Amino acid sequence: MLTEFEEDAIKEMFNLSLGNALPTLSEMVDAEIEFSTPCLETTPAKQLTQTITSMVGESACLLHMVFRLMMTNKADLPGNAVLLLRADSLGPFLDALYGEPVPQALQDQVCAEALTDVADLLLYTCISTLSRLLDSELEGNKPLFFRGKPTLWNRSCPMEPNSDVPNAPNENNADAHSITLRIDLSIPIKHVSGSVMIWLDASHDTDLKQAVQHYITTQLC
Amino acid sequence: MGILETTPASVYLEPGELFVGTRPTEVCTVLGSCVSLVLFHPQTKLSAMGHGKLPSRPCSHGSANGVKVCRMMGDFVSCSTHFMLSWFHQMGIPNKELEAKLFGGAMMFNLPGKEEASTVAIGKRNVETAMDMIRKERLHLVASDVGGPWGRKIFFHTGSGEVKLQRLRKTELDLVNPLEIKES
């Protein structure tokens, strides 16, 4: 179990990381972005899709990046980063990206590719900063696009079996649980809202504890 | 202290050129759909910056025993990135210690059928290639400013790693660097 101080340290790292990445998104949509303070929960892996459903309902648009932080002389820290958009934000978000209204007929044609490019820059910059704070090396895949019912997401976006990076949280493993970090964001002038979430595998929480302690000793003390 | 030691040198990067340096310098360039990957090593202040016009081409980039200079290297995001990283490796600096920043790639997003379609494709492909290289080389991307319909003038201060960015309207970009718009 992480102590309250360690949880605060993880939240601060996430806040710094996303704070470093959001200007990228702000420039791309040419608008100011508002974002919440981070919240942290320890969640059994099987509840992750329920959490998403409770946030966005039955229709979600999400971009999923699997990553691994490779710590020197310590175990790797696997995780997942997700950009989650409410379904009703998709059209306004595309309009903001393209700088003009995107006709409904073209939205399906352009949305997967455009959002993947955006999420790649946003999530990779966020995870890069996290990785730097932990003095680790970073390995991350290109985000995968999913649109539909959150309950179908894990089955719809499997990682390739030969992938070098770890898989999404395994809902079939009853013991698996994750530290879930979340920041909600909105682009008020464009009527867009969503969240960025990071799940860090907490099944072996001594590895996570070591990583956080490294940050506390090198950056805070 | 002499004036040369207090005033950093200035370098202007034309499209297809790149810079590697060991002393404080202000490196400036103007970008349309081209991209600049800026690399900085905070501990030693060694730095590099490219101005790639095109994404990539088939090219073997040599080994860890030396630095290969490809023909028309600076034109391609892939070749110039390989060269810059090889230079850092020769200086004993691993990728994980570098800070990467990415700029440019204007007109990444434009609706199918628009007249700017070819420019769009180049800006988008330049950014995608740079991101693929960043991911493959496990670089830490700490900042980026890409896409949008505007050009960018960037000033990289190699002594501090700071990058200052100025957005340019298209007419302004035409005046500053007419070649870059046509070529990239």
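**Close-ups of a predicted two-chain model**

**View 1. Chain A, element by element.** Chain A is built from six helices and eight strands. This is a predicted model, so keep that in mind as you look around. Start at the N terminus of chain A and trace along: the elements come in the order α-β-β-α-β-β-α-α-β-β-α-β-β-α.

**View 2. Inside chain A.** Chain A has 221 residues, and 44% of them count as buried. Now pick out the contacts in chain A between residues at least 6 apart in sequence: 73% of these join residues at least 24 apart.

**View 3. Where chain A meets chain B.** Here 25 residues of chain A are in contact with 19 residues of chain B. On the chain A side, at least two residues each come from α1 (4-29), α3 (90-98), α4 (104-133) and β5 (137-140). Look for α4(A) in particular, as it gives the largest share of that side, with 12 residues. Sort the chain A residues that touch chain B by type and you get nine nonpolar, nine polar and seven charged.

**View 4. Chain B, element by element.** Over in chain B, you can find five helices and nine strands. Follow the sequence of chain B and the pattern reads α-β-β-β-β-β-α-β-α-β-β-β-α-α.

**View 5. Inside chain B.** Of the 184 residues in chain B, 46% count as buried. As for contacts in chain B between residues at least 6 apart in sequence, 64% link residues at least 24 apart.

Notes
Residues numbered from 1 in each chain as written. Chains lettered and ligands numbered in written order. Predicted model: local features only at pLDDT ≥ 70, side-chain atom pairs only at ≥ 80, totals over all residues. Helix = DSSP H or I, 4+ residues; strand = E, 2+ residues; numbered from the N terminus. Buried ≥ 20, exposed ≤ 12 C-beta atoms within 10 Å, placed from the backbone. Contact = placed C-beta atoms within 7 Å. Nonpolar A, V, L, I, M, F, W, Y, C, P; charged D, E, K, R; others polar.
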